[in-house]
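Please keep the sequence and the structure in view while reading.

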Amino acid sequence: MSSAAALLLRPTSATTHPLLHQSSPKSYFLRLHPSRRRLPVPRLSLTPTTASNSSPPPPSPSAPSPAPAAPPSLFSNWSPPRAIWRGLSALLLAGQVFHRVLTGRVHRRNLLAQLRRVGPGSAGVALLTAAFVGMAFTIQFVREFTRLGLHRSVGGVLALALARELSPVVTAVVAAGRVGSAFAAELGTMQVSEQTDTLRVLGTHPVDYLVVPRVLACVLALPVLTLISFVLGLASSAFLADSVFGISVSIILESARRALRPWDLISSLLKSQVFGAIIAVVSCAWGVTTHGGAKGVGESTTSAVVVSLVGIFVADFALSCLFFQGAGDSLKYAMG
């Protein structure tokens with residue numbers, strides 16, 4: 001054995017090393033040279049480095065300084081109120097419907113379905129309302145006219161009131177509550193469930209398929225409902241005047257024939273068309289601008305009915321001023 005091996009292999013007792021048991025009196029194991037005993041081991045630190053140790057290098061003098069941020073403009077975070085936004089959307093929707101009707105882009109099958117819904121579907125409620133409104137109006141003034149000896153003008157007053165004002169307005173109010181709310185709820189549900197986007201993917205424009213048939217159905221069906229409501233209201237008024245106040249039905253019908261002019265019925269039908277357009281456009285515009293889930297659908301439906309009623313009354317005032325500005329001789333003809 002060489003001298004180097006003799007230096008590396010030396011006997012060590014059990015008492016000099018803590019890893020050896022006391023039972024073995026002497027053992028030999030490999031001892032490394034003192035120069036090779038300790039090897040440098042890199043240490044890993046789990047603590048984050050401080051800001052002083054990880055500070056970025058100073059910028060070079062040649063680097064350009066960043067430009068200051070532009071101050072926010074006055075209307076950068078402003079959005080128009082929802083009422084104004086929906087009003088503008090209703091006007092835009094009305095223009096799109098008018099353009100599509102002129103160019104003939106109408107879904108005829110959907111139009112027939114909406115006509116059945118607006119016309120026969122709303123006839124029962126509209127006729128029942130017109131009958132009771134006519135009888136209530138008869139009770140209000142027939143007794144007073146009889147005391148004044150004007151019983152021969154009762155039919156003319158009833159006919160003029162029903163033709164010019166009561167029949168178109170009452171029919172439009174009933175249609176706004178029944179049809180307009182249904183339109184707003186349906187289109188609102190389709191909007192929040194992204195069914196309108198599905199129509200666009202399938203190559204069908206939602207205005208052509210959903211809005212135009214509903215607007216045309218209201219514009220075409222409401223004049224017919226108004227005319228039937230006028231006839232039923234006048235018949236119920238004549239029946240009540242004959243059975244309760246003793247005024248003959250023939251006297252009422254003759255007075256109505258003398259008082260009415262063709263323009264009275266034509267103006268009533270024109271009013272109904274305008275009211276139908278208002279109901280359909282407002283309801284569809286409020287429906288397609290719905291957001292917020294089921295709560296948004298409910299709010300859009302309620303708001304559509306309220307705005308439609310306000311629009312009906314405003315349009316009724318404007319059309320009455322336009323149509324009957326020079327009228328004033330109808331009751332004179334009714335008295336004979």
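Ser 267 counts as buried because its relative accessibility is 1%, where buried means under 20% relative accessible area, exposed over 50% and partly exposed in between, with a 1.4 Å probe and protein chains only. The model is predicted, and local features need pLDDT of at least 70 while side-chain atom pairs count only at pLDDT 80 or more, although totals for chains, interfaces and linings use all residues. Residues are numbered from 1 along each chain as its sequence is written, and side-chain values use heavy atoms, with hydrogens and water left out.

- Ser 267 lies in helix α10, residues 262-288, and, residues up to four places away in sequence not being counted, Ser 267 touches Phe 323 and Phe 324, a contact being heavy atoms within 4.5 Å.
- Ser 272 is also placed in helix α10, and Ser 272 counts as buried because its relative accessibility is 1%.
- Once neighbours within four places in sequence are left aside, the contacts of Ser 272 are with Pro 168, Leu 222, Pro 223 and Thr 226.

**Overall fold**

- The protein has twelve helices and two strands, which are DSSP runs numbered from the N terminus (helices H or I, at least four residues; strands E, at least two).
- Read from the N terminus, the order of the elements is α-β-β-α-α-α-α-α-α-α-α-α-α-α.
- Of the 336 residues, 36% count as buried, and among contacts with a separation of 6 or more, 80% come from residues 24 or more positions apart.
- The accessible surface is about 20,500 Å², with 67% of this belonging to carbon and sulfur atoms, as computed by the Shrake-Rupley method with a 1.4 Å probe.

**Helix α8**

- Helix α8, residues 206-244, has 39 residues and reaches 54 Å from its first C-alpha to its last, close to the 57 Å expected at 1.5 Å a residue, the expected span being 1.5 Å times one less than the number of residues.
- At Val 212, α8 bends by about 30°, and the proline Pro 213 follows within four residues; the bend is the angle between axes fitted to the seven residues ending at a position and the seven starting there.
- Gly 246, which has a positive phi near 75°, follows α8.

**Cavity and pocket**

- On a 1 Å grid over the protein atoms alone, a cavity is a set of points where a 1.4 Å probe fits but cannot get out, whereas a pocket is an open set with protein on both sides within 12 Å along at least five of seven lines, and lining residues have an atom within 4 Å of a point.
- The largest cavity has a volume of about 30 Å³, a volume being the space filled by probe spheres set on grid points that are joined across faces, edges and corners.
- Its lining consists of Ala 130, Val 133, Gly 134, Leu 162, Leu 166, Ser 167 and Val 170, and α5 (120-147) and α6 (154-192) are the elements that give two or more residues to this lining, with α6 giving the most, four residues.
- The largest pocket has a volume of about 260 Å³, and of the 15 residues that line this pocket, the closest to its centre are Leu 93, Gln 96, Arg 200, Val 207 and Val 288.
- At least two residues of the pocket lining come from each of α3 (82-103), α7 (195-201), α8 and α10.

**A backbone detail**

- Glu 194, a residue other than glycine, has a positive phi near 65°, and Glu 194 is placed in the loop between α6 and α7.
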